[in-house]
Amino acid sequence: MNPSLLEAQARKHVGERSFHYAAGGAGERSTMEANWLAFRQWKIIPRMLRPVSVRDLSTTLFGQRVPSPILIAPIGVQAIFHSDAESGVASVAEELGLPFMLSTASSTSIEDVAVANGATPTYPPGTDPSAVPSSSTATPDHVRNVLPNRIKQPMGTTSQGGGIRYFQLYWPQDPALTQSILNRAKSNGYSVLVVTLDTWTLGYRPADLDNAYVPFVRGQGCEIGFSDPVFRPTPENSLLMASQSWIATAFSGQAHTWADLRGLREMWGNAPMVLKGIQSVDDAELAVEYGMDGIIVSNHGGRQVDGCVGSLEVLPEIVEAVGEKVTVLFDSGVRTGVDVLKALCLGARGVCVGRPWVYGMCVAGRAGVREVLRGLLCDLDQSMGLAGIGDVGGCGRGVLRRCRYPGDRIANL
């Protein structure tokens, strides 16, 4: 349950390649350190004698009432951590009522994840699910503010049933393929589109380079492409050829432009659309200008640009600039329930969590994910109460003070 020990525990249960793919970052990992240290510089000022014996963690995100502000971040290639893969995590998400973000780099199809999340799947016309080549059996080592009437669903569900599902898009250059993927997501009840902007090419990650490890080359994390009727006509007689084709599609090395968002909006329709990877006020304001419903303040957990500013460092100024116009979510460096609380107090409406539950997955699959997430929820609930905060609405800047203690770096790293 100690988050500082969880990473070391996970390392004992998976091979070095899989472990470093999760734990590694860009360059010398200084952005990862910046993320952690940014949290340490904000301190909670508890208030006493308040009626907070029972807390309410529920909040509203994109017109849906959710039981807590914690979201499961989009992590790719989950089969390399445990055979339960994305389906196991999606089932835990439904159980706990947490929004689950499915990565384009998934080792499980859009439809199968929807089933695990409690929905009835809708497969693309002409697709035989049993005939789709699968890489999921690989061994572990190899705004506008959304108007309330935009989406009206019971707490913790989507229109297709089951849990709350968002789809994270690594944006292909091929419009036909993009439309096909989005159609599959919409028809399977993924209610929010999360467009990742910072990974049109992979960052410089020494741990993966030292291990000569890019899982996509072996077909791992390619399942959404392999199960797509538009992508599948590419050569499939060779897993290597098909994998290389998908890599060139998902991580093309070509960045899209702001103007391209108009076309993507037409493809997705009026459902909520969120940009992930925003680190500057200027980009946040452009997101508003281009009609986005939300943004995720994120540096990809330190995996893309070494020496990048910590995400929490820029969260307050971004919230101040656009927090009344779009839904601002937060991602990067979150390890504890107290971290979630601090991000909420600095203006985030919801907080994405990634590495901690991945480490739990390495240890015990679905059960490990469940225990880590339950621990985070417990930590958030208990810490809110002890700080004198009764509900998410009570999280505000007045709860925090910015402090700098030299010993924090030793305690955290």
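This briefing describes the salt bridges of the structure shown above. The structure is a predicted model. Side chains of opposite charge can pair when their charged atoms come close. In this model the count comes to ten salt bridges, and three of them are described below, including the one between R184 and E111.

**A buried pair**
- The side chains of R184 and E111 form a salt bridge, with a distance of 2.8 Å from N to O.
- R184 is buried, and E111 is buried as well.

**A pair with a partly exposed partner**
- R55 and D381 are joined through their side chains by a salt bridge of 3.0 Å, N to O.
- D381 has a relative accessibility of 22%. Buried means under 20% and exposed means over 50%, so D381 counts as partly exposed.

- A salt bridge of 3.4 Å, N to O, links the side chains of R374 and E371.
- Both residues belong to helix α14, which covers residues 355-386. R374 and E371 stand three residues apart, about one turn of the helix.
- R374 is partly exposed because its relative accessible area is 39%, a value between the limits of 20% and 50%.
- E371 is likewise partly exposed, at 36% relative accessibility.

**A network of shared partners**
- R374 and E371 also belong to one network, together with E95, R366 and R370.
- What joins these residues into one network?

Terms used
Residues numbered from 1 in each chain as written. Predicted model: local features only at pLDDT ≥ 70, side-chain atom pairs only at ≥ 80, totals over all residues. Heavy atoms only, no water. Salt bridge = Lys/Arg side-chain N within 4 Å of Asp/Glu carboxyl O. Buried < 20%, exposed > 50% of the residue type's maximum accessible area, 1.4 Å probe, protein only. Helix = DSSP H or I, 4+ residues; strand = E, 2+ residues; numbered from the N terminus.
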